[in-house]
Amino acid sequence: MSGLDLDKIAAAKLWLIGTPAGQESGPEVPRDLPYLATGLYALIAVPEEHVPRMTCDEWWRIYVNPAWLTAATVPEVGAELAHLLWHLLAEHATRARDQDVDRSTAKAWDYCADFTIAHTLEPDLLRPPELPTAQSRGYPVGRSAEEYYAFFVKADTQASQGTGPLGPGEGCGSGADGIRREHEQPPDTDLGAVSTVEAAVIRERVAIDYRDHARQRGTDPAGLLRWVDQILTPHVPWEPLLSGAVRRGIGWAAGRGDYTYTRPSRRAGTLRGVILPGQHRAVPRVSMVIDTSGSVDDDMLARAVAEVDAAIAALGLPGSYVTVHAVDAAVHTTRAVRSARRVELVGAGGTDLRIGLRAVEEERPRPDVVIVFTDGFTPWPATPPPGAAVIIALLRRRDWPLPETPSWATVVECVVD
Ligand SMILES: [Zn+2]
């Protein structure tokens, strides 16, 4: 592209990702950040005189001032590239939207996002001197952009007064805050653009490469492993997923026509998507199979059972009992209880839940909903108990391998750290 010293940008990328040859030191020595390569080579450089140095948009274009580029050293260019790349990797534009950032608050948000980037870049001596740090504002180090933004907007009114509406080229660009600047190109020009889907793939690649890099070096100086975890294993709270599956399972059983209703439940209006039986009618029957083998963590089990108990209680099924089977390689207890928490769980041997599900099949009347609590390391029968919706609460720790589960069940992963 005319007007931009593309060789210098290429040199700056190599300076960021290259490995130092020996014990050399000094500003020219490569920064040894090979995991940034996928992100750096996705950036699309555009000459733009109205920005002081560089800004980025949401499509991974970087707008570079040609005169600044000519005057800047390779390490200065590299530091700015790393700064903008982290806005894109950290999804600051999307997160700004989640915080309702607008033209009047975009600069404050950019500032807060820059605190977190400064923290990431500092151990590699990459922080551009213009990038503000949390310490310089008297804020604690290592917080999220959202936390700093809360300080800024809610508490630090003086600071936010100093950040008015955006002029052209102000702040770090829409790639940092989601607010389009006048100099930025629309997404569909022939400049090229990194789509949202492509960006997710790039983020994942960088996260995997960083994890490998940190493992090899045995260090995590920038504290990025938390970011890596979020990218590679996003934390979704399982509690609402499990109680939702239970509610849907029972709602499905209640709604499929085996029950006749003379009048609607008074609660029906308050629980969306769930049809509740009226009083004095048969209600869906629930059975639980609880894996009590030694490999199942008691705390995880207690949390999951409590969640399901609460979900069932919230449905307010009149006169309902739950049948609980405590199973390892044999069925130890089978009891009808009001609350599964009351069952003393016996057993700590190997696991074969086929035995527990067979016990469920023998129940009369047959259950409509079967909830299985297990770590999943068990053989499964080829078919579910006839006529029952099966929910598996799969109790696992994040780094455990994912066991195979039957396709005839709804599986909710209950992951604890
Ligand atoms: Zn920035």
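Here is a short walk through the model, one selection at a time.

**Before you click.** You're looking at a predicted model, where local features need pLDDT of at least 70, side-chain atom pairs count only at pLDDT 80 or more, and totals for chains, interfaces and linings use all residues. Residues are numbered from 1 along each chain as its sequence is written.

**The whole chain.** Select the protein chain to see 14 helices and nine strands; these are DSSP runs numbered from the N terminus, with helices (H or I) of at least four residues and strands (E) of at least two. Of its 417 residues, 41% are buried, a word used when 20 or more other C-beta atoms, placed from the backbone, lie within 10 Å of a residue's own; 12 or fewer is exposed, and in between is partly exposed.

**Val 74.** Now pick Val 74, in helix H4. Is Val 74 buried or partly exposed? Val 74 is partly exposed, because 19 other C-beta atoms lie within 10 Å. Leaving out residues up to four places away in sequence, Val 74 touches Lys 8, Ala 11, Ala 12 and Trp 15; contact here is C-beta atoms, placed from the backbone, within 7 Å.

Axes are lines fitted to C-alpha atoms, for helices over the stretch in contact, and angles run from 0 to 180 degrees between N-to-C directions.

**H4 against H6.** Keep H4 (residues 74-89) and show helix H6 (residues 106-121): they pack at about 120°, with axes 10 Å apart. H4 and H6 are therefore oblique to each other. Which residues of H4 meet H6? They are Ala 82, His 83, Trp 86 and His 87, and across from them in H6 sit Ala 113, Ile 117, Thr 120 and Leu 121.

**H14.** Last, select helix H14 (residues 353-361) and highlight its buried residues, Leu 353, Gly 356, Leu 357 and Val 360. Look down the axis of H14: its buried residues fall within an arc of 95°, so they line one face of the helix. The arc is that of the directions from the helix axis to the C-beta atoms.

Terms used
Parallel < 35°, antiparallel > 145°, perpendicular 65-115°, else oblique. Contact = placed C-beta atoms within 7 Å.
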